[in-house]
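The sequence and structure are shown first.

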Amino acid sequence: MRKIPVYPHPAAGWPSLVACTRKLMDYKAFLRGSLSVLHSNQPKGGFDCPGCAWPDHKTHKSLDVCETGIKVIASETTSRRADAAFFAKHSVKELQGWSGYELEHSGRLSEPLYYDAEQDRYVAISWQAAYERIADTLKNLDSPDEALFYTSGRVTNEPAFMYQLFVRCFGTNNLPDCSNMCHEPTSVMLGKQLGVGKATVVLEDFEQAKLILLFGQNPATNHPRMLEMLAHAHKQGCKIISINPMREQGLNKFRNPQKPTHMAAGQSDEMVDEVVQIQIGGDTALLTGLAKWLTKNDKIDRDFIEQHTSGYEALDNWLRQQSWADVERGCGISKAEIIELAKLVADSPATICTWGMGITQHVQGEDNVAMITNLLLLMGMIGVDGAGASPVRGHSNVQGDRTMGIHERPKQSLLDSLERVFKRPMPQENGLDVIQGAKALMQGKIKAFVSMGGNYAVAAPDKSAIQTSLTTTELNVFVGTKLNETMLYPGKNNLILPCISRTERLITAKGEQFATIEDSMCQIVPTQGRIEPISDDLKSEAQIIADMAIQVLGADSSIPWQDMSSDYDIIRDYIAQAIDGFENFNERIRASKRGFHLYHPARHRVWATDSGKAQFEVPQYPITYVAAQMADITLGYHSNMENDNSKNNEPEIHPSNSDNKQTQSAEQKVWQLTSVRSHDQFNTMIFGHQDRYRQTNRRDVLFMHPDEIKRLGWQKGDSVMVSRQDSKDEHRTLGPLILTEMDIAANAVATYYPECNDLIDLDTHAPDSRTPSYKSVTVALQRVSEGELAASA
């Protein structure tokens, strides 16, 4: 292997502090931002950092925030304003040409705005006039199902509960949210296998674990506060294995900025013992190999399996049918290496499997989660201290929003509960998720689009098509804090409604209010902003929802919308009546500095499944699924989007027509492409262009291993076009991208999300969860010369 230039320093440390300071200055947020940083993740009177969903430790520190969190805080506390004066200088057509980075730095939305088509600009509008436009359109739809109500995971519990209630009182379950695009396979499979689609661990389990398997994660960039826990676990003797196609440099060592000895003496902590560098999409195959060896050699917990599980025989039979040749072909790891890892699993009395979107965002994402859960069940690692399933969510309250009822496929128990509490019928038909909603937009079936936060068009696949479709609607409403690309493709009526951010104080006629969030490990914690809002024209999300509900549903509604928006205790009392696990909500959230943990039956080996036991699941797809694609086999695995209630998603294999085979030459080859986020972004928010650990300062790059570059006869810095035939055999291209070296598996390339989203179509997704395959699509690469670039320009 050729030596790869790597980031020579530990994660965090002085470079992190310097980057944070620069970002606060860059956003002109040094004073407001610094004050907010001091209150981030602090108990009783602090706010929960919107940067990720990693839990707070029981022993709070005076400064408890990471580099990513400070960047998000800088973004929210900027002194720049994207107000009517800003839009007077910039037409919407001009802004459509701005990059995500430029839009992110335009400033805080600070007054309600309406798109004036004649001027091609957003102009100021009164709140009341905005609400009247919303009501006029929504009340005149032929059906409530012609409206789509999207939610970002940064919305706190109380407004999320109000939002889903408003939408259902309006008459639809069209409540897609960002879960559809990230951890939906986790929710689907953990729900099916364990009874609850959430983590079975609490943060303290990481202190007792003896083996931690990290699947598809890059904590140093996406949730840096996890690094401290990993370093601590490692120091306690826990073995930590990273399973990832990319050898992420931010996982080598960790220099804790909050340890004076680390900073002064240049010390750092080790974190990862080994990196298992599987091929993209090889997780199910690797886990199959582990399970195959463990079952054959009787290294499993048979007492647990017999007492607590169902479906073992079917899984065991399936494992016996899988050959080691297919296991190796499927994951790119040798049998000997897999067996060594299996022996670590067998010897561990307490194992945590933790994963990110590198597991879920695949066509076979549900199989990945199923096999992780199968492994834990085989070893009896659910309901044991220091062990369990730990999916790590991205948005700080994406899990809480789901708990509050933001779901397009609600459980009947939730609808029954809402009907009981609010004495009115709730819609019974399933609504549209992100993928179905985007298709309905394109087909002209959606007449009104309402977004409670988020950047829907850019976060979803087929960005350009969604943006074009938004221009055909009767109404688009965007509730948010910052300008983004989705807001710049106006329909007949386009409104931007600015809201108070997580960092800002919320004072109503009933006094200062606090909200709550649910972290990745089912902990409900309070959050309360501490700085003054940037504008007097801002409203809370709860107030905006209440105002819309009254205008749309009528002032004679029996639901006290305005009382709820001015007194969050009233919302929490309703939540306590309607949502399981929130009994005595107000009393419990005030009783502890850290809030309270929602009861998780699987932690107590109680299984809320159909069988009453934990359920083993056999994967739906062949373990050689990705390898078959690389060999140019067309797999017809896309779910039937017109049959949402279909239970039969059995895949079919269709050998490709030989006339359509990719040319396997030095200039064109089939590769597996994955999307990544840089160290200078959070989801679709682009803070800057410096990806410190990957040592690049631009976003138009294509990462490839230097050995692969050499084998092709190419060079670092070459321009490369990326293309693929999508599920409808339509040709998609991206580029030119600049070839950049990275320690990534063979036959694999990576580029940045969300810039790559137009490569991904709406039909390339997991069958049940319909989560897009952002992390694994088959592409062809073509090097282009300067002359070709000039000619195309």
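Cys169 counts as buried because its relative accessibility is 16%; buried means under 20% relative accessible area, exposed over 50% and partly exposed in between, with a 1.4 Å probe and protein chains only. The model is predicted: local features need pLDDT of at least 70, side-chain atom pairs count only at pLDDT 80 or more, and totals for chains, interfaces and linings use all residues. Residues are numbered from 1 along each chain as its sequence is written, and side-chain values use heavy atoms, leaving out hydrogens and water.

The structure holds zero disulfides, a disulfide being a pair of cysteine sulfur atoms within 2.5 Å. Cys238 is in no disulfide, and the nearest cysteine sulfur, that of Cys353, is 11 Å away.

| Residue | Relative accessibility |
|---|---|
| Cys169 | 16% |
| Cys238 | 2% |
| Thr354 | 0% |

Thr354 lies in strand β13 (residues 351-355); strands (E, at least two residues) and helices (H or I, at least four) are DSSP runs numbered from the N terminus. The side chains of Thr354 and Gln217 are joined by a polar contact of 3.2 Å. Residues that Thr354 touches (heavy atoms within 4.5 Å), leaving aside those up to four places away in sequence, include Ile212, Phe215, Met226 and Val392.

Helix α7 covers residues 127-139. Among its buried residues are Trp127, Tyr131, Ile134 and Leu138. The buried residues of α7 pack against several elements, including β6 (147-151), α8 (157-170) and α26 (541-553).

Methods
Polar contact = N/O pair within 3.5 Å; in protein donor to acceptor, adjacent residues only side chain to side chain. Expected span 1.5 Å × (residues − 1).
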